Amino acid sequence: MTTGHLTRQTMGVCYYPEHWPEDRWVTDAEMMVAAGISHVRIGEFAWSLMEPEPGQYDWGWLDRSFEVLSNHGLKIVLGTPTATPPKWLVDQMPDMLPVGKDGNVRGFGSRRHYCFSHLGYRAECARITTALAERYGNHPALSEWQTDNEYGCHDTTYSYSQSALVGFRKWLEDRYGTIDALNNAWGNVFWSLIYRSFEEIELPVGAVTQTSPAHQLDFRRYSSDQVVAFNKVQSDIIRAHSPGRGISHNFMGKYTDFDHYAVSQDLDIATWDAYPLGFLEREIGDEEKLKRYMGVGDPDFDAFHHDLYRACGQVRNGQDNGRWWIMEQQPPGPLNWGTFNPEPAPGAGRLWVWEAFAAGAEVVCYFRWRQPSNAQEQMHEGLLLPNGEPNAGYHLCGQIAKELDAIQAAPSAGRADVALVFDYESQWMLDAQKPAQDVSHLDTVLRTYSALRRSGVSVDIIPPTAAAAAGRKAVFLPMLMEVTSDFVDALDASGAVIVAGPWSGAKNNNHAIVEGLPPGALRKLIDIQIRRIETRRPFAPFPLTDGGNFAGWRDHLIVGDGVEIVETQTDGLPAVLQSGKLLYLAGRGDDVAQDRFVRHALTLAGVDWFDLPDDIRIRDNGALRYIFNYGKSTVDMTQVFEESDLAMGSLVLDSCDVACVRIT
């Protein structure tokens, strides 16, 4: 076995054999093979069946499911069952349950009912993982592992338990050494918040009003470190007992409560769970987009996460082509958890899968094989109907498998000329102290990402590290809160066009305004200072002289010598400034402004871009260029690309259609 890349892209499915009669399993396996499925995820919610009584394991049903799947040539992804500890374990150690901000214990009865800080539960997870890995770790059908399931889902990263308090105090002592150092770092002279010892520190919850933003930031760091430590325990055990199998975890969309780059240091494969319509309904919050893309999802939201988790898949091996999958792909049917759950538009389900393969996904696994007839997810469609007959997703899976056979694409997106920095700590800093209700690092990054996508540019999402930025033609760092001197030096040495702002370089590592005013270390490259930030409600944007607006945010700047003002606002304040190869954006652009900013930077960097029709997106993967139509109307792209180079589809793209051309 090897943890290297798969040589070709393929389809998978999430399967729960324990939910169905055993005499159905062979039929299911035969149907999977017929649909072109190669990988099957099992086991991640089955602890109470694996260990029905404390210390008494029952592997019979799992042995038999391995046998059935293996006999049909299917590769197994085995999940550790630690997202759903059994009731007997909760009764043994009731303090393992997470505690909410309101102080209430979040009890048994659903899932994810544990606190990451509870060391006793962590030990129990090590025990069940060891037992599982010893039994199945070298099974010939076992291809990959998944640790736990969706870390932090249902707001479970942050627990305000006694275990968390004890762990947090120890973490702070390790970080600062002395209480005086902590008091100084947090600025505790303010509001008389001086502590005499680490034992006096409480969790940042339940105070009369806002707690110290530095206190909040460190609690976020601590909580993220607990997720990293929890995951590492399982990953280390699996590596010891199941060598050569890739270890993965399935991350989520628009979830920033812990550092996914850090967790990925112990993973071979980053995977995520993609539900385009659920995300559009729950996460986008834009009524116009809801109307426009109700049946297909936001054109850039899932694509951004493909690129983000490809970056996470690079963390451990340091290679440009990090391993990443879709572990749960929405089938072409309604979900059970959206605010509303519309039917996908015709063709949308196929578009979603090809968007992932275009971004270099090795495997796209549908969630789930068969729609359940009871319990919490019975309204979530699967590839099969509740009665076991094929649903639309089953037929679509077979169609895509045949298209994969025909196109013979490799799971490799390559290194992009354009990089976009996304940083979890920047999001935590803004969560801890918001200058406006709608301010978000992730949202600001997504605005830039969407503009790059509208320009037909393939993008790598990167952490703020020198290695990730090296060799680029353009690097964008929107609202990157802490910009270190080392990172600035690396950006400068790279020779790339750098696009910073708004409010980049505003804070130091302790959530304090940087000495000498923002943008801090970036002042090495551009002589400006931010003297004020101004935020407004959406109905009062800041108009720009060349068109469009700053949407609710702008920096008021002091401009030094040698800085060119490229664009202004209609009231005369600078909008875009340039010094050498660094561009500074003094606000958060709307789509019109952001497109102009991005294309100016790309031209300066010598990066080709396209003036695409609305709702068309492009993504390059090696020698293949994929074209997607997220709109409701047919679009003719024959004036842009040569039909003779077609590898798949037609350059006259219907709604939700996909085409692929070979780049010559």
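User: Which helices and strands are included in what covers the buried residues of helix 3?
Analyst: This is a predicted model, in which local features need pLDDT of at least 70, side-chain atom pairs count only at pLDDT 80 or more, and totals for chains, interfaces and linings use all residues. Residues are numbered from 1 along each chain as its sequence is written, and side-chain values use heavy atoms, with hydrogens and water left out. Helices (H or I, at least four residues) and strands (E, at least two) are DSSP runs numbered from the N terminus. The cover of the buried residues of helix 3 includes helix 1 (25–34), strand 2 (37–42), helix 2 (47–50), strand 3 (75–79), helix 5 (119–136) and strand 4 (142–146).

User: Which residues of helix 3 are buried?
Analyst: Buried means under 20% relative accessible area, exposed over 50%, and partly exposed in between (1.4 Å probe, protein chains only). In helix 3 the buried residues are Trp61, Leu62, Ser65, Phe66, Val68 and Leu69.

User: Why are they on the same side of helix 3?
Analyst: The arc is that of the directions from the helix axis to the C-beta atoms. They lie on the same side of helix 3 because the arc they cover around the axis is only 165 degrees.

User: Which residue with a positive phi follows helix 3?
Analyst: The phi in question is near 75 degrees. The residue is Gly73.

User: How many residues of helix 13 are buried?
Analyst: Helix 13 covers residues 348–358 and is largely enclosed by the rest of the structure. Among its buried residues are Arg350, Trp352, Trp354 and Glu355.

User: Which residues does Ile37 touch?
Analyst: Contact means heavy atoms within 4.5 Å. Leaving out residues up to four places away in sequence, Ile37 touches Met11, Gly12, Val13, Met32, Leu74, Trp369, Leu383 and Cys397.

User: What percentage of the residues in the chain is buried?
Analyst: The chain has 19 helices and 25 strands. Of its 664 residues, the buried share is 60%.
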